[in-house]
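The following exercises are intended to be worked with the sequence and the coordinates side by side. Each task is followed by a solution in steps.

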Amino acid sequence: MPHIHLKKAWSMSENLATPESVYLRRREFLKGTALTTAATVGALYGCGPSSPPNVLPEVEWSELGKSIYPAKRNPNYELDRPMTPEKIASTYNNFYEFGADKIDPVHYAQKLKIRPWALDVGGLVNKPKTFDMDDLLKTMPFEERLYRLRCVEAWAMAVPWTGFPLKELLKQVEPKPEATHVRFETFYTPFTAQGQLAFWEPWPYVEGLTLKEAMNELTFLASGIYGHPLPKQHGAPIRLVVPWKYGFKSIKSIVKIDLVNYRPATFWNTLQGLEYDFTANVDPRIPHPRWPQIREKMIGTGNIHPTLLYNGYEKFVANLYL
Ligand SMILES: Nc1nc2c(c(=O)[nH]1)N[C@H]1C(S)=C(S)[C@@H](COP(=O)(O)O)O[C@H]1N2
Ligand SMILES: [Mo]
């Protein structure tokens, strides 16, 4: 492909730098209804901060956390590009519960109460269990992994997560043989998470994987980043990280995990099925209606890279899709 063409494709995606949601459609809806108040509109559509805070909000440490972070780095997962600076990664977030702009979560997610935090794991399992965050900190094999995360909006970052493989948790609850998929659910507290006031959106945020995908060694539950507990805007106290799929699969602030025998509905697929499919593997050959997927831009450096099949994690996951 001639250079000039690529350049054009890229700048087009820049101009279309609207968020993951069809913002305009929401606005039209709002205009057409008398139900909304100015306060709701303000909360949902900005009138908010437009720049990062001078100092990043402090992360909340628990006693146990002090013995976990920073965890030993697992050398099996290497980056092919520089790590994204923390200040960039933690002020450019998608967390629609706390607003539709990238800058919103660092400001608004601080309202989220993350302690105590219960994670309910059940459904088609022999040993359903509600894990307190502290139980997990005490019992799980924490390690650090360097992963790239690729958003469908064609930006990417490279960060050190701390956590453990999801399969370690699933083993503890013993999935029944009839379980085929795993369903994940985020909290639902519309009074602290203003984005959830949008009653026409399918809150709470839900996601899903096949059981095979969930058991893959890459599928990670993260409770930390950059050697410390997760800041709230990254999905504290615990979030999924699925590095070979578009970022929207990596659901934040999980309260519930269920083993099921059907393909679960997901937030973005329910909202805009034509743009977000269930599988959502990173694949430069599958065009997206709004963002060309051939290339991606690293936040921070702005460096452009070709998009890699399975986000470059082919050797770990290609066997899932034979
Ligand atoms: N609960 C919840 N999880 C979510 C989202 C969200 O809006 N709500 N956004 C997703 C999207 S689109 C992306 S790209 C990643 C961004 O993760 P980061 O902000 O930690 O970089 O989180 C994903 N997880
Ligand atoms: Mo995303």
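**Exercise 1. An aromatic pair and its surroundings**

Is Phe-164 buried or exposed, and what is its relative accessible area? Determine this for the predicted model, and then characterise the ring pair that Phe-164 forms with Phe-142.

*Solution.* 

Step 1. Residues under 20% relative accessible area count as buried. Phe-164 has a relative accessible area of 0% and is therefore buried.

Step 2. The ring of Phe-164 pairs edge-to-face with that of Phe-142, at 5.4 Å centre to centre and with 80° between the planes.

Step 3. Phe-142 belongs to the loop between helix H6 (133-139) and strand S3 (143-150), whereas Phe-164 belongs to strand S4; the pair therefore ties together parts that are 22 residues apart in sequence.

Step 4. The same cut-off is applied to the partner: Phe-142 has a relative accessible area of 15%, so Phe-142 is buried.

**Exercise 2. Other aromatic and charged partners**

*Solution.* 

Step 1. The count comes to 20 aromatic pairs.

Step 2. Phe-95 counts as buried at 2% relative accessibility, and Phe-98 counts as buried at 0%.

Step 3. A single aromatic cluster comprises Tyr-96, Trp-203, Tyr-205, Phe-248, Phe-267, Trp-268 and Tyr-276.

Step 4. Charged side chains are also placed over rings. The charged end of Lys-102 sits over the ring of Tyr-92, 5.7 Å from the ring centre. The charged end of Lys-249 sits over the ring of Phe-278, 4.2 Å from the ring centre.

**Exercise 3. The five-stranded sheet**

In which order do the five strands of the open sheet lie, and which strands stand at the edges?

*Solution.* 

Step 1. The order is S2-S1-S10-S5-S6, and the pairing is mixed.

Step 2. The edges are strand S2 (129-132) and strand S6 (206-210); each has a single partner strand, so one side of each is left without a neighbour in the sheet.

Step 3. Neighbouring strands of this sheet are turned by 15° against each other on average, with direction ignored.

Step 4. Strand S5 (residues 181-186) pairs with S6 in the antiparallel sense over five bridges. On its other pairing, S5 is joined by six bridges to strand S10 (residues 254-260), and these two strands also run antiparallel.

Step 5. Individual bridges can now be assigned. Phe-184 has Glu-207 as its bridge partner in S6 and Ile-257 as its bridge partner in S10. Arg-183 has Gly-208 as its bridge partner in S6.

**Exercise 4. The nonpolar core and the whole chain**

Which residues touch the most other members of the largest nonpolar core?

*Solution.* 

Step 1. The core holds 78 residues, of which Trp-161, Leu-169 and Ile-257 touch the most other members.

Step 2. Strand S4 (residues 155-165) provides the largest share of this core, five residues.

Step 3. Beyond four places in sequence, the residues touched by Trp-161 include Tyr-147, Leu-149, Phe-220, Ile-225, Leu-230 and Val-241.

Step 4. For the chain overall, 55% of the 322 residues count as buried. The chain has 10 helices and 12 strands. Among contacts between residues at least 6 apart in sequence, 74% join residues at least 24 apart.

Definitions and conventions:
Residues numbered from 1 in each chain as written. Chains lettered and ligands numbered in written order. Predicted model: local features only at pLDDT ≥ 70, side-chain atom pairs only at ≥ 80, totals over all residues. Heavy atoms only, no water. Pairing = 2+ DSSP bridges. Helix = DSSP H or I, 4+ residues; strand = E, 2+ residues; numbered from the N terminus. Axes fitted to C-alpha atoms, helices over the stretch in contact; angles between N-to-C directions. Core = buried A, V, L, I, M, F, W, Y, C linked by side-chain atoms within 4.5 Å. Buried < 20%, exposed > 50% of the residue type's maximum accessible area, 1.4 Å probe, protein only. Contact = heavy atoms within 4.5 Å. Phe/Tyr/Trp six-rings, centres within 6.5 Å; stacked < 30°, edge-to-face > 60°. Lys NZ or Arg CZ within 6 Å of the ring centre and 35° of its normal.
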